[in-house]
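Notebook open, structure loaded. I want to look up a few spots and write down what I find.

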Amino acid sequence: MLRTDWTLAEVNAIYHQPVLELVTQAAAVHREFQATGEVQVCTLLSVKTGGCPEDCSYCPQAARYHTGVQAHKLLPDAEVIAAAQRAREAGSTRFCMGAAWREVRDNRDFDRVLNMVTEVNNLGLEVCCTLGMVNEYQAERLKQAGLYAYNHNLDTSAEHYSEIITTRTYDDRLDTLENVRKAGISVCSGGIIGLGETDADRIAMLHTLATLPAHPESVPVNALVPVEGTPLADQPRVSVWEMLRMIATARILMPKTMVRLSAGRQEMPVSEQALCFLAGANSIFSGEKLLTTPNPDFDADQQMFATLGLTARKSFKNVPVGATVLGAEPAVSC
Ligand code: SAM
Ligand code: DTB
Ligand code: SF4
């Protein structure tokens, strides 16, 4: 049974178990609710990079920090569609377009993003966008264009949020998630660890995600990629044990959700990533760049899949039976 009434005390108790006990429990939940051994391969593309007015202190794309990221305007549609085609040929089943925007504006750039969404959907990929805040009307337009999922991370706990970002509030973030949900778009929301937060903050963020009216279908767990020029450039790297606690707790709280081992893999040996898959992670981003920072290259991931006996998950497996999606594989309950 899926629960959205977890108490903070329950989440705290799950999270603070001895780490091997926690991973064992999460692995059992993973085996019950997911096709273990299947990992979804996704591709990210930054369609509009840098120059962002926000002050997210982790982010290399905020205009106010000097990070050396090469800013560019919205990419031409054809370039984005060609990148999606290459991603599909390389085995990705989800394509996520990111824009360094505070929020979506009703302008020609948004019209162009809507066209990109339609074209990528026509390729049979799960199309995802992360464009900042959206209102109900914009979410509805994205849905009509064929958007499958929208990524909007809570990033950290409500309590720690103002230490990291001051140019918008936690409630703004939650409002966008509500607008996305109302439009019938699949919700992708997670966070970053390594921002100087405490265990209590990590637990509170997981509690917030797991007690939304419905669990997000997708929860990315990012380890901070410290970038020179950002206020968090000198943060120590997170350890595998911290990633495991986050992934395993997310898996136990939200059994049917895709838990994505997201930023931070570049620094993780295969043995550490293997533990994350055991603890319930079932997706990675593929390709040598995330949005602006390095990621393991395609060959390294192919090798990892071969070593661990992992297979790439098909697209649209989370679509309820009966729903029709262009290019979808038949829905399989898992
Ligand atoms: N501007 C939009 C927004 O903030 O929602 C979309 C793009 S933003 C870059 C997407 C997500 O990337 C952020 O919410 C954050 O969780 C993640 N991210 C950004 N910089 C990161 C970093 N240095 N390390 C790890 N994750 C990062
Ligand atoms: C998410 O949670 N992680 C991805 C995706 N959603 C958009 C982005 C990670 C970005 C890491 C920093 C960068 O490459 O700029
Ligand atoms: Fe802008 Fe998004 Fe980066 Fe924040 S995380 S600075 S909103 S691109």
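**Val134**

I started with Val134, which is buried, with a relative accessible area of 4%. I had to keep in mind that this is a predicted model. Next I asked where Val134 is found, and the answer is the loop between strand S3 (126–130) and helix H5 (136–145). I then listed what Val134 touches, leaving out residues up to four places away in sequence: Val104, Ala139, Leu142, Tyr150, Thr176, Asn179 and Val180.

**Asp155**

I looked at another loop residue. Asp155 sits in the loop between strand S4 (149–151) and helix H6 (161–164). Is Asp155 buried or exposed? I get 2% relative accessibility for Asp155, so I put it down as buried, the cut-off being under 20%. I also noted its backbone: phi of Asp155 is near 75 degrees, which is positive, and the residue is not a glycine. I flagged that because most residues other than glycine have a negative phi.

**Gln40 and strand S1**

I moved on to Gln40, which lies in strand S1 (residues 38–48). I have Gln40 as buried because its relative accessibility is 2%. Which residues does Gln40 touch, if I do not count those up to four places away in sequence? I wrote down Thr93, Arg94, Glu126, Met258, Arg260, Asn282, Ser283, Ile284 and Arg313.

I then looked up the pairing. S1 and S9 run parallel and are joined by 4 bridges. I picked out Cys42, whose bridge partner in S9 is Phe285. Strand S8 (residues 258–261) also pairs with S9 in the parallel sense, over 2 bridges. There I noted Leu261 standing opposite Ile284 of S9.

**Strand S7**

How many residues of strand S7 (residues 218–223) are buried? I count 6 of 6, and I noted the strand as mostly covered. From S7, Ser218, Pro220 and Asn222 point one way, while Val219, Val221 and Ala223 point the other way. For its neighbour I looked at strand S6 (residues 191–193), which pairs with S7 in the parallel sense over 3 bridges. I noted that Gly191 has Val221 as its bridge partner in S7.

**Helix H1 against H8**

I turned to helix packing. Helix H1 (residues 8–15) and helix H8 (residues 199–210) have axes 9 Å apart and pack at an angle of about 120 degrees. I therefore wrote them down as oblique to each other. The crossing of H1 past H8 is right-handed. Which residues meet here? I see Leu8, Val11, Asn12 and Tyr15 of H1 meeting Asp199, Arg202, Ile203, Ala204, Leu206 and His207 of H8. I sorted the residues of this H1 and H8 contact into 6 nonpolar, 2 polar and 2 charged.

**Helix H1 against H9**

I found H1 in a second contact, with H9: their axes come within 9 Å and cross at roughly 130 degrees. That angle makes H1 oblique to H9. H1 passes H9 in a right-handed crossing. I noted Val11, Ile14 and Tyr15 from H1, and Arg245, Met246, Thr249, Ile252 and Leu253 from H9. By class, I have 6 nonpolar, 1 polar and 1 charged in the contact of H1 with H9.

**Helix H2 against H9**

Last, I checked helix H2 (residues 19–33) against helix H9 (residues 240–253): the axes come within 9 Å and cross at roughly 40 degrees. I logged H2 as oblique to H9 because of that angle. What hand does the crossing of H2 past H9 have? I have it as left-handed. On the H2 side I listed Val19, Leu22, Val23, Gln25, Ala26, Val29 and His30, and on the H9 side Trp241, Leu244, Arg245, Ala248, Thr249, Arg251 and Ile252. My tally for the contact of H2 with H9 is 9 nonpolar, 3 polar and 2 charged residues.

Conventions: Residues are numbered from 1 along each chain as its sequence is written. Chains are lettered from A and ligands numbered from 1 in the order in which they are written. This is a predicted model: local features need pLDDT of at least 70, side-chain atom pairs count only at pLDDT 80 or more; totals for chains, interfaces and linings use all residues. Side-chain values use heavy atoms; hydrogens and water are left out. Buried means under 20% relative accessible area, exposed over 50%, partly exposed in between (1.4 Å probe, protein chains only). Contact means heavy atoms within 4.5 Å. Axes are lines fitted to C-alpha atoms, for helices over the stretch in contact, and angles run from 0 to 180 degrees between N-to-C directions. Angles under 35 degrees count as roughly parallel, over 145 as roughly antiparallel, 65 to 115 as roughly perpendicular and the rest as oblique. A crossing is left-handed if the near helix is turned anticlockwise from the far one by less than a right angle, and right-handed if clockwise. Ala, Val, Leu, Ile, Met, Phe, Trp, Tyr, Cys and Pro count as nonpolar, Asp, Glu, Lys and Arg as charged, and the others, Gly among them, as polar. Two strands pair if DSSP finds at least two bridges between them.
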